Every structure is written in structure tokens, then in C-alpha cells.
Amino acid sequence: MEETQREAKWNEGGEEEEAEVGIWKYIFGFTEMAVVKCAIELGIADAIESHGSPMTLSELSSTLGCAPSPLYRIMRFLMHRGIFSEKLTTQGSPGYAQTSLSRRLMRHGEHSMAALILLLSSPVMLAPCLSLSARVLADEKSSFEVAHGEDIWSYAEANPAHSHLINEAMACDARVVVPAMIRGCPKVFEGLSSLVDVGGGNGTTLKMLVKEFPWLQGINFDLPHVVPVAAEIGGVEHVGGDMFESVPKADAAFLMVSMVCNENGVLNVCHLCV
């Protein structure tokens with residue numbers, strides 16, 4: 001009996017020690033997002049990529065136009081997380097070098113995920129996350145509506161900069177998903193002459209698809225405030241509308257997501273429909 005009590009007390013003490021350490025993960029859980037966002041906004045990965053070789057702290061701070069001391073702390077954090085690496089410069093000094101992960105923080109490029117990170121770390125998108133308790137208490141509204149008083153699409157229509165960021169973020173996702181889809185299941189597009197991308201944003205998905213399958217006529221379908229700012233793409237027609245009312249006719253309709261909800265909360269399961 002005494003042994004059992006001692007063991008229980010020891011386990012309780014061990015659990016308390018784990019809790020004392022573990023709680024800090026939640027206290028400072030925001031720091032990784034904040035520092036990565038800082039790296040994107042400063043253009044650290046872009047600067048090192050443009051330099052073409054590892055950069056010293058002095059070179060990097062001079063290029064970015066910022067003080068070396070705070071930049072050193074940012075870089076130390078990012079290197080500890082494996083986002084950047086340390087390599088010798090051509091002069092033999094310690095320098096900061098790119099990794100496959102850091103290249104995803106570049107503003108542009110085939111593998112860039114910067115816009116998606118900037119979207120999800122923006123005050124507009126963080127506010128709903130910080131309003132989850134209000135969302136639970138008012139379950140008739142989404143977290144975004146609780147935080148901003150309107151749904152995300154109405155907000156985007158009234159705020160062109162946020163709408164642009166959404167479209168750029170979705171393009172990041174498309175640059176990852178579409179090439180994998182082209183490699184993995186190209187036969188899906190055989191026999192099709194037209195394809196409508198529902199919620200296609202700035203047309204990035206169709207741009208890649210019509211380049212790979214030039215016989216396709218693409219229809220980029222999105223909300224009326226989205227398509228007017230989409231760039232002209234050969235073989236792609238931009239059409240505005242509401243997917244819950246109607247979708248342009250084509251041999252197949254393509255959606256990047258598998259499930260969406262309309263304003264009434266009705267779940268709609270969507271597939272590649274031929």
C-alpha cells in the first residue's frame with residue numbers, strides 16, 4: 001500500500017514537472033509564426049537567393065537595411081529551426097545559406113508559400129482564431145463573422161488588398177497540388193475539351209493545366225470581384241458568378257477542395273465532375 005502511494009506521488013510529481021515545462025509551448029507558441037512572418041516581410045530568403053552564395057550578418061543587414069543586432073537574433077532562431085543553414089562565405093567567414101525550406105519563404109518562385117503564410121498570419125485571419133470562444137457561444141455565426149461582422153467573402157470584396165492576398169495564397173497551394181496531380185493522374189484529362197475551375201481565383205491552376213494539356217479550353221470561375229483583377233491567360237476565359245447558384249457549362253468541373261459550406265451552413269460535397 002505504501003509503495004503504491006509512493007509510486008502515485010512520484011508519478012504526480014513527474015506530471016507536474018512535465019506541465020511546468022510544457023505550458024511554455026503554449027505561452028510562446030506564436031513565436032514561430034511571428035519570426036517566419038518577419039523573415040518574409042524583410043525578404044531574407046530573397047536577399048540570400050539574389051546574392052547567389054552565403055551572406056555574412058553584415059552583408060545581410062546592409063542589404064536589408066536593418067540593424068545587425070536584432071537581425072542576428074532573428075537568424076539565430078531561424079537557423080535553430082533548420083530554416084536557414086550556416087555555411088562559409090567565399091572569404092571563409094561564417095554566413096547564412098538557403099535551404100529547401102527557406103526557399104519556400106521567397107516572395108516569388110515555383111515553391112513559394114510566402115503568400116499563404118502571410119495570409120494566415122495576418123491580423124484579419126488571426127482575429128477569428130482569437131475569437132473561438134465567442135464562436136462556440138454564438139454557434140450561428142462563423143469565427144470570421146464573430147470577429148469582423150461579416151463573412152470572409154464579403155470582407156474580401158470590400159477590402160481588395162485582402163482579396164488579393166487570398167488569391168495569391170490559393171495560388172501557392174495550386175503550385176504544390178496541380179503538378180502532383182498532373183504527374184499522378186494525367187489520364188483524368190484525356191477526352192476533355194473544356195474544364196471549369198470553380199473558385200479558381202487568379203487562374204493559376206488553369207494556367208498550369210492548359211499549358212500541360214493544350215487541347216483544354218479553361219473557364220476560370222470565381223466571385224464577381226475576383227475575376228476582373230485576374231491576368232489574361234491564353235486558353236482561359238474568366239467568368240464571374242456564384243457557384244451556389246450556377247456554374248458555367250464545361251466537360252468537367254474542377255474544385256480544389258472536397259467540401260464547402262454555403263451561407264446557410266449546408267454542406268456540399270464537391271468532386272471533379274465530368
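Biologist: Which residues do ring pairs link into a cluster?
Modeller: Phe189, Phe213 and Trp215. Keep in mind that this is a predicted model.

Biologist: How many aromatic pairs does the structure hold?
Modeller: Four. Take tryptophan 24 and phenylalanine 28: their ring centres are 5.7 Å apart and their planes sit at 15°, so this pair is stacked.

Biologist: Is tryptophan 24 exposed, partly exposed or buried?
Modeller: Partly exposed, because its relative accessibility is 48%. Phenylalanine 28 also counts as partly exposed, at 43%.

Biologist: Which residue lies over the face of phenylalanine 77?
Modeller: Arginine 81. The distance to the ring centre is 4.2 Å.

Biologist: Let's zoom out. How many helices and strands does the protein chain have?
Modeller: There are 12 helices and eight strands. The chain has 274 residues, and 35% of them are buried.

Biologist: And the contacts, what share comes from residues 24 or more positions apart?
Modeller: 48%, counting contacts in the chain with a separation of 6 or more.

Biologist: Helix packing next. At what angle do α3 and α4 pack?
Modeller: About 110°, with the axes 10 Å apart. Helix α3 covers residues 44–51 and helix α4 covers residues 57–64. An angle between 65 and 115 degrees counts as roughly perpendicular, so that is the label for α3 and α4.

Biologist: Which residues make the contact?
Modeller: On α3, Ile44, Ala47, Ile48 and His51. On α4, Glu59, Leu60, Thr63 and Leu64.

Biologist: Left-handed or right-handed crossing?
Modeller: Right-handed, as α3 passes α4.

Biologist: What about α11 and α12, how do they cross?
Modeller: At roughly 30°, and their axes come within 9 Å. Helix α12 spans residues 204–212. The cut-off for roughly parallel is under 35 degrees, so α11 and α12 are described that way. This crossing is right-handed.

Biologist: Which residues of α11 and α12 make that contact?
Modeller: From α11, Ala171, Ala174, Arg175, Val178, Pro179, Met181 and Ile182. From α12, Thr204, Thr205, Met208, Leu209 and Glu212.

Biologist: Staying on α11, where is serine 163?
Modeller: In that helix, which runs over residues 160–184. Serine 163 is buried because its relative accessibility is 6%.

Biologist: What does serine 163 touch, not counting residues up to four places away in sequence?
Modeller: Ala156, His225 and Val226.

Biologist: And asparagine 167, buried or exposed?
Modeller: Buried, with a relative accessible area of 9%. Leaving aside neighbours within four places in sequence, asparagine 167 contacts Gly201, Asn202 and Val226.

Biologist: New topic. Which helix holds valine 124?
Modeller: Helix α7, residues 123–129. Valine 124 has a relative accessible area of 15%. The cut-off for buried is under 20%, so valine 124 is buried.

Biologist: What is valine 124 in contact with, leaving aside its neighbours within four places in sequence?
Modeller: Phe144, His148, Tyr155 and His162.

Biologist: How far apart are valine 124 and isoleucine 152 in space?
Modeller: 9.5 Å, C-alpha to C-alpha. In sequence, valine 124 and isoleucine 152 are 28 residues apart.

Notes:
Residues numbered from 1 in each chain as written. Predicted model: local features only at pLDDT ≥ 70, side-chain atom pairs only at ≥ 80, totals over all residues. Heavy atoms only, no water. Phe/Tyr/Trp six-rings, centres within 6.5 Å; stacked < 30°, edge-to-face > 60°. Buried < 20%, exposed > 50% of the residue type's maximum accessible area, 1.4 Å probe, protein only. Lys NZ or Arg CZ within 6 Å of the ring centre and 35° of its normal. Axes fitted to C-alpha atoms, helices over the stretch in contact; angles between N-to-C directions. Helix = DSSP H or I, 4+ residues; strand = E, 2+ residues; numbered from the N terminus. Parallel < 35°, antiparallel > 145°, perpendicular 65-115°, else oblique. Left-handed = near helix turned anticlockwise from the far one by under 90°. Contact = heavy atoms within 4.5 Å.
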